[in-house]
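Visitor: I would like to learn how to read this model. Could we take it feature by feature?

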Amino acid sequence: MASALPRWARALPRLAPADGADAATARGPAELIVRNDWPEHYETTVQALGRSWITRTDRFFVRSHFPVPELDAGSYRLDVSGLVRTPLSLTLAELHAAPQAAATHTLECAGNGRGLFRLASTSGTQWERGAVGNASWRGVPLSALLERAGVEPEAKHVWLEAADRAPLPDVPPFLRSIPLEKALADVLLAHTMNGAPLPKLHGGPLRAVVPGWYGMASTKWVTRIRVEAAPSDNHFIARGYRYVHPGEDPTKAAPLQEMKVKSLITLPLEGGTARRGRVGVQGFAWAGAAGVERVEFSSDEGRRWSAARFVGETSPGAWRRWSAEIDASAPGRASVMARATDGRGATQPLEAEPNASGYGNNSIDRVSFRVA
């Protein structure tokens, strides 16, 4: 499907790729793998993810569509317009003075795992496992602003317009639109991440956090909110971020919205070494609105599965840490697999169905290691 994309869209992932076939050395912030230099595509190492339930801000993955915009906090304004009775134009100080809410939510890039597909897509950044993170967010509920503006009866969608722009001609600005019901339910306009002002690289001074949906919905550098009767016809809505299969019209393909249920093994590490005996296995699991119901593990290539136990903190919209033990008494190569099931009964597949852009790879995680 790459040939069906406009020329500028095909060029964007290649603006400034990092050196090396896999860009697998951390040349940016500590414990981040540089997948693309500019705009920044940084992937968190699995080892760093495993250290805590909350992903530290300086370890949190970064996915930018265009170069980071220069937004001055003193002159920043958020406009709310469209099908509203009272348009708003709010300063950052006014947003801080508005009703506030705090929540812990997991964000995952829709392309996370693209580089692990059996039939790997060459379109887009070749993320492996670390384009995901769990953070504490604080800001203004979008519902509070919409209620203040007064939404008209014919309104059905909310458009989130970003300030970043491409350094190429004829490229549309990045924009996401979400159904009004979702906007009123739980979307947060966050100005704080992990207890500190939202960093510029993560969308500061203000970004959307759309719980349970893939990360592209959580628009960074939001400067305008439009309430409309229809979804946006912007490229990134009408054609982009869709599960396009061979021969399918992108405009008719299913859009990416909720995150698929998924698990990640953070211990043992791929290619690592463990002592003979009982070996601890740990990781995280997450899903969309249905949440994670259970996690299972297997140490015999999937012939038998056992239940893992949930440990540590829990919060709606946040991933859950799980733990287990396997018997690794024989020296040599060993492996462990993990799969999660959500509250609707959906379970991770052995292999996810490929699509043209390699989105939504939630295949069962598998780690191989050496027993000594």
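**Reading the aromatic pairs**

Guide: Phe-284 is buried, with a relative accessible area of 0%. Keep in mind that this is a predicted model.

Visitor: Is Trp-319 buried or exposed?

Guide: Trp-319 counts as buried, at 0% relative accessibility.

Visitor: How do I describe a pair of rings?

Guide: A pair of aromatic rings is described by the distance of the centres and the angle of the planes. In this structure, a search of the whole model finds 7 aromatic pairs. One of them joins Phe-284 and Trp-319, and it is stacked. The centres are 4.0 Å apart, with 10° between the planes.

Visitor: Which parts of the chain does the pair of Phe-284 and Trp-319 tie together?

Guide: Phe-284 lies in strand β18 (residues 277–286), and Trp-319 in the loop between β21 (309–311) and β22 (320–328). The pair therefore ties together parts that are 35 residues apart in sequence.

Visitor: How do the rings of Trp-286 and Trp-319 sit?

Guide: Their centres are 5.8 Å apart and their planes are at 50°, so this pair is tilted. Trp-286 lies in strand β18 and Trp-319 in the loop between β21 and β22, so the pair ties together parts 33 residues apart in sequence. Trp-286 counts as buried, at 2% relative accessibility. Elsewhere, ring pairs link Phe-60, Phe-61 and Trp-137 into a cluster.

Visitor: Which charged residues sit over rings?

Guide: Take two cases. The charged end of Arg-320 sits over the ring of Phe-310, 3.9 Å from its centre. Arg-339 lies over the face of Trp-305, at 4.1 Å from the ring centre.

**Reading the strands**

Visitor: Now the sheets. What holds strands together?

Guide: Strands of a sheet pair through backbone hydrogen bonds, either parallel or antiparallel. Here 5 strands form an open sheet, in the order β17-β24-β23-β19-β20. The pairing is mixed. The edge strands are β17 (273–274) and β20 (306–307), and each pairs on one side only.

Visitor: How many bridges join β19 and β23?

Guide: Strand β19 (residues 292–298) and strand β23 (residues 332–342) pair over 6 bridges, in the antiparallel sense. Phe-297 lies in β19 and stands opposite Ala-338 in β23.

Visitor: What else surrounds Phe-297?

Guide: Beyond four places in sequence, Phe-297 touches several residues, including Trp-305, Ala-324, Ile-326 and Met-337. Phe-297 is buried, with a relative accessible area of 10%. Look also at Val-336: Phe-297 and Val-336 are 39 residues apart in sequence, but 6.9 Å apart in space, C-alpha to C-alpha.

Visitor: How are β4 and β5 joined?

Guide: A hairpin of 5 residues connects them. Strand β4 (residues 77–82) and strand β5 (residues 88–91) run antiparallel, with 4 bridges between them. Val-80 stands opposite Leu-88 in β5.

**Reading a helix and the cores**

Visitor: What should I know about helix geometry?

Guide: An α-helix has 3.6 residues a turn, so residues three or four places apart point the same way. Now take helix α4 (residues 142–149). In α4, 6 of the 8 residues are buried, so the helix is largely enclosed by the rest of the structure. The buried ones are Leu-142, Ser-143, Ala-144, Leu-145, Leu-146 and Ala-149. Gly-150 follows α4, and its phi is positive, near 80°.

Visitor: Which residues touch the most other members of the largest nonpolar core?

Guide: That core has 32 residues, and Leu-78, Leu-95, Leu-142, Val-158, Leu-189 and Ile-225 touch the most other members. Elements that each supply at least two residues include β4, β5, α4 and β8 (157–162). The largest share, 5 residues, comes from α4.

Visitor: What is Val-158 in contact with?

Guide: Leaving aside neighbours within four places in sequence, its contacts include Leu-142, Leu-146, Ile-178 and Ile-225. Apart from this core lies another, of 22 residues, among them Phe-66, Ala-162, Tyr-241 and Trp-286.

**Reading a buried charge**

Visitor: Where does Arg-59 lie?

Guide: Arg-59 is in the loop between α2 (46–49) and β3 (62–63). Arg-59 is buried, with a relative accessible area of 11%.

Visitor: Which side chain makes a polar contact with that of Arg-59?

Guide: The partner is Glu-31, at 2.9 Å. Other residues in contact with Arg-59 include Leu-32, Thr-44 and Ala-48.

Key. Residues are numbered from 1 along each chain as its sequence is written. This is a predicted model: local features need pLDDT of at least 70, side-chain atom pairs count only at pLDDT 80 or more; totals for chains, interfaces and linings use all residues. Side-chain values use heavy atoms; hydrogens and water are left out. Two strands pair if DSSP finds at least two bridges between them. Buried means under 20% relative accessible area, exposed over 50%, partly exposed in between (1.4 Å probe, protein chains only). A polar contact is a pair of N or O atoms within 3.5 Å; within protein, one must be able to donate a hydrogen and the other to accept it, and residues adjacent in sequence count only if both atoms are side-chain atoms. Contact means heavy atoms within 4.5 Å. Rings of Phe, Tyr and Trp (its six-membered ring) pair if their centres lie within 6.5 Å; planes under 30 degrees apart count as stacked, over 60 as edge-to-face and the rest as tilted. A charge sits over a ring if NZ of Lys or CZ of Arg is within 6 Å of the ring centre and within 35 degrees of the ring normal. A nonpolar core is a set of buried Ala, Val, Leu, Ile, Met, Phe, Trp, Tyr and Cys residues joined through side-chain atoms within 4.5 Å.
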